[in-house]
2 protein chains.
Amino acid sequence: MTSAPFDERLEQILATTAKVFAAKGFHPTTMRDLSRATGMSLAGLYHYIPGKEELLYLIQERCFQRVIAGAASAVSLGTSADDRLERFIRHHVAFFARHMSEMKVLSHEANSLTGKRLADINALKRRYFEMLRGLTSDVESDHAAHHDPHVAAYALFGMMNWIYNWYNPAGPLPPEALAERFAQLFMFGLTSPAPSTASHGG
Amino acid sequence: MTSAPFDERLEQILATTAKVFAAKGFHPTTMRDLSRATGMSLAGLYHYIPGKEELLYLIQERCFQRVIAGAASAVSLGTSADDRLERFIRHHVAFFARHMSEMKVLSHEANSLTGKRLADINALKRRYFEMLRGLTSDVESDHAAHHDPHVAAYALFGMMNWIYNWYNPAGPLPPEALAERFAQLFMFGLTSPAPSTASHGG
DNA sequence: ATGTCATTCGAACGTTCGTTCGGTGAAAGC
DNA sequence: GCTTTCACCGAACGAACGTTCGAATGACAT
């Protein structure tokens, strides 16, 4: 029941809103901030969305669906437990680095939603987490390692979801290089010798 | 120029406020929430602090000073680069787990301050970060590892500072056990064989 | 030309926010 | 005994918030 131009305009609004939410945070951002950022009147915004919280929900829901689909696709190409986990890591980190605003909003505003919308997003989160926990569990079985797959999965998510606090995708370290380093670091630890790829010296 | 009973009352207020900030977030928390939580009138609160933001600042500043001092003390006992880094990790994780409210507020509300107060906290953050980067750098030198100490330090902070999202200090895994697992995981990776300590089977 | 519908707007509404004002009662100082 | 100081409060203030209202605009079908 929605028309194409309507959807395109909504998409623009969501993209702009994600940037503002990422920069200022959800709660400090006012509808007047979004009005300014989108070049639209306050009332005009309400033609596209029923309220501020729905904007946050739409940003999180779309982003999460994409990251889950991408991860499933990446993992499906794996040839071993180790390989599948490394592919998951590389996909998540690279996706994060390439969609910093949306992923920051997803990570940082995880509890800014309420009610059904919060429950919806939490369901996606659980699905994604179980996906990773399956992988860490398989890897540990293969290596007879005695970590807890549950703890390992959360530790890895922490490592990866923290990057919005410091990483600059336009800096000297491109997203794929960051992803590779994270994969090596998590699989083999800080004390392991050089990763298999050539040195990144420069 | 402050009296002892005044300071004690302020300490109570800060402890209560930290819990509320941790539970609801800084911005959604209203002064009326804090009034209710402390059992004090709205105006009464302002007898102890000049404003809401100062509460956040005091919580973050005190907590950060404590964590920095504790880390310096823990690291000083180390006998090698590896040992010092492991001690840093164990201290940070255990401290985090034992002061979840304050550390969550420190991690999650890192950019909720403004102006001079923000600059103050950021200075402490830089000091703490450089402390860890020195350690990851030393460890990598010793092992001729080819990771980036900068990236490794941020990855580790992410791993550790994420725990407020999932860890329950009163659950089956006590803070020290969590700290030990994190240390092993970061030093040797997920694929490493069992850690040197006895198995935690059960 | 007329009616319809999507799109957009300026202006306002009611609420809630952080903060302040003017005060009260009790203890402390002299 | 009078005053000062401290700890605290009920009530209110002005500002800012999310949201809504009623109307204007333009495109397009009839």
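B:Trp162 is found in the loop between H8 and H9 of chain B, where helices (H or I, at least four residues) and strands (E, at least two) are DSSP runs, numbered from the N terminus. This residue is a friendly place to start in what is a predicted model, in which local features need pLDDT of at least 70, side-chain atom pairs count only at pLDDT 80 or more, and totals for chains, interfaces and linings use all residues. Residues are numbered from 1 along each chain as its sequence is written, while chains are lettered from A and ligands numbered from 1 in the order in which they are written.

Is B:Trp162 buried or exposed? With 22 C-beta neighbours inside 10 Å, B:Trp162 counts as buried. The cut-offs are these: a residue is buried if 20 or more other C-beta atoms lie within 10 Å of its own, exposed if 12 or fewer, and partly exposed in between, with C-beta atoms placed from the backbone. Leaving aside neighbours within four places in sequence, B:Trp162 is in contact with A:Tyr154, A:Phe157, A:Gly158, A:Asn161 and A:Trp162; here two residues are in contact if their C-beta atoms, placed from the backbone, lie within 7 Å. The C-alpha atoms of B:Trp162 and B:His108 are separated by 9.2 Å, although these residues are 54 residues apart along the chain.

Chain A as a whole has 9 helices and 0 strands. Its C-alpha atoms fill a box of roughly 60 × 40 × 30 Å along the principal axes. Of its 202 residues, 35% count as buried. Among contacts in chain A with a separation of 6 or more, 67% are between residues 24 or more positions apart.

H4(A) has 25 residues and reaches 37 Å from its first C-alpha to its last, close to the 36 Å expected at 1.5 Å a residue; the expected span is 1.5 Å times one less than the number of residues. The buried residues of H4(A) include A:Leu55, A:Tyr57, A:Cys63 and A:Phe64, and the buried residues of this helix pack against H1, H5, H6 and helix H7 (115-143) of chain A. In helix H6 (residues 100-108) of chain A, the buried residues are A:Glu102, A:Met103, A:Lys104, A:Val105, A:Leu106 and A:Ser107. They pack against H1, helix H4 (52-76), helix H5 (81-98) and helix H8 (149-161) of chain A.

How is chain B related to chain A? Chain B can be laid on chain A with an RMSD of 0.0 Å by a turn of 180° and a shift of 0.0 Å along the axis, with copies superposed by least squares on the C-alpha atoms of residues with pLDDT of at least 70 in both. That is the relation of a two-fold axis. In chain B, the C-alpha nearest the axis belongs to B:Gly189, 1.8 Å from it. The same surface serves both copies, as 100% of the contact residues of chain B recur in chain A.

The contact takes 39 residues from chain B and 39 residues from chain A. On the side of chain B that touches chain A, two or more residues come from each of helix H7 (115-143), helix H8 (149-161) and helix H9 (175-188) of chain B. The largest share, 8 residues, comes from H8(B). By class, this side has 22 nonpolar, 13 polar and 4 charged residues; Ala, Val, Leu, Ile, Met, Phe, Trp, Tyr, Cys and Pro count as nonpolar, Asp, Glu, Lys and Arg as charged, and the others, Gly among them, as polar.

The largest nonpolar core has 99 residues, of which A:Phe182 and B:Phe182 touch the most other members. Such a core is a set of buried Ala, Val, Leu, Ile, Met, Phe, Trp, Tyr and Cys residues joined through C-beta atoms within 7 Å. Not counting residues up to four places away in sequence, B:Phe182 touches A:Ala155, B:Ile89, B:Val93, B:Met159 and B:Met160.

Finally, the DNA. Of the 18 residues around DNA strand C, A:Ala43, A:Gly44, A:His47, B:Thr30 and B:Gly51 come nearest, a residue being near a strand if its C-beta atom, placed from the backbone, lies within 6 Å of it. Around DNA strand D there are 18 residues, the closest being A:Thr30, A:Gly51, B:Ser41, B:Ala43 and B:Gly44.
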